[in-house]
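Biologist: I would like to learn how to read features off a model like this one. Could we start with a single side chain and work outward?

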Amino acid sequence: MMPLAVVAVGGNALTTAGETGTWTEIAANAAEMATCLAELRTAGWQVAVVHGNGPQVGNLAIQQDEGASLVPGQPLHQLCAMTQGQLGSVLARAVDRHCGAGSAVAVVTHVEVDPDDPAFDHPTKPIGPFFSAEQAAELAAERGWTVVEDAGRGYRR
């Protein structure tokens with residue numbers, strides 16, 4: 001049996017510093033990841049990829065907010081499923097280009113969390129784009145967001 005490598009790809013690896021998260025940026029970053037994943041397969045490993053989606057789900061949340069007068073917004077758990085599917089699809093297609101059609105599959109997962117968990121009093125998973133301190137304070141006041149400094153790159157929702 002082949003050994004298994006579990007590879008974690010952060011959402012910030014798919015939308016890197018200085019990028020806004022366009023389709024072409026995400027696809028190009030996924031293509032780079034796929035090269036490395038294909039090398040693992042060639043070396044005899046089974047590969048399972050898990051990925052983050054903080055920047056992407058935050059961007060989708062902003063799109064939802066901006067379009068709320070035209071279509072109903074969706075809750076965060078639905079936005080997470082949407083971006084899981086999006087990023088899983090992009091990564092699977094990129095791997096398929098290296099390893100052959102049908103080599104990769106994307107699976108959307110769900111986790112049930114206790115809504116009374118005290119961790120919700122102090123959320124620690126920032127999402128969306130990075131903002132300056134001034135922009136973040138403005139958006140927090142305007143939209144009721146909780147914002148925090150993240151990774152020394154700015155402030156996020």
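Biologist: Is Glu-142 buried or exposed?

Modeller: Buried means under 20% relative accessible area, exposed over 50%, and partly exposed in between, with a 1.4 Å probe and protein chains only. Glu-142 has a relative accessible area of 55%, so Glu-142 is exposed. Bear in mind that this is a predicted model, in which local features need pLDDT of at least 70 and side-chain atom pairs pLDDT 80 or more, while totals for chains, interfaces and linings use all residues. Residues are numbered from 1 along each chain as its sequence is written, and side-chain values use heavy atoms, without hydrogens and water.

Biologist: Which side chain does Glu-142 meet in a salt bridge?

Modeller: A salt bridge is a side-chain nitrogen of Lys or Arg within 4 Å of a carboxyl oxygen of Asp or Glu. Glu-142 meets Arg-143 in this way, at 3.8 Å from N to O. Arg-143 is partly exposed, because its relative accessible area is 32%.

Biologist: Which residues are linked with Arg-143 in a network of salt bridges?

Modeller: Glu-66 and Glu-142 are both linked with Arg-143 in that network. Between Glu-66 and Arg-143, the closest N and O atoms are 2.7 Å apart. Glu-66 sits in helix α3 (residues 54–66) and Arg-143 in helix α5, so this pair ties together parts 77 residues apart in sequence. Helices (H or I, at least four residues) and strands (E, at least two) are DSSP runs, numbered from the N terminus. Glu-66 is exposed, at a relative accessible area of 54%.

Biologist: How many salt bridges does the structure hold?

Modeller: There are four, and one of them joins Arg-156 to Asp-150 at 2.6 Å, N to O. Arg-156 counts as buried because its relative accessibility is 1%, and Asp-150 counts as buried too, at 15%.

Biologist: Where is Thr-15 found, and what does its side chain contact?

Modeller: Thr-15 is in the loop between α1 (11–14) and α2 (23–42). A polar contact is a pair of N or O atoms within 3.5 Å; within protein, one must be able to donate a hydrogen and the other to accept it, and residues adjacent in sequence count only if both atoms are side-chain atoms. Here the side chain of Thr-15 makes such a contact with the side chain of Gln-56, at 2.8 Å. Thr-15 counts as buried, since its relative accessibility is 7%.

Biologist: Which residues make the nonpolar surface patch?

Modeller: Patches are made of residues with over 30% relative accessible area and no salt bridge; nonpolar side chains (Val, Leu, Ile, Met, Phe, Trp, Tyr) are joined within 5 Å, like charges within 9 Å. Areas come from the Shrake-Rupley method with a 1.4 Å probe, and for residues only the protein chains shown count as cover. Leu-4, Val-6 and Val-50 make a nonpolar patch of about 280 Å². Val-50 belongs to strand β2 (residues 46–51) and is partly exposed, at 45% relative accessible area.

Biologist: Which residues form the negative patch?

Modeller: Asp and Glu count as negative, Lys and Arg as positive; His and the chain ends are not counted. Each charge is placed at NZ of Lys, CZ of Arg, CG of Asp or CD of Glu. Glu-112, Asp-114, Asp-116, Asp-117 and Asp-121 form the negative patch. Asp-116 is in the loop between α4 (76–99) and α5 (133–143), and is exposed at 67% relative accessible area.
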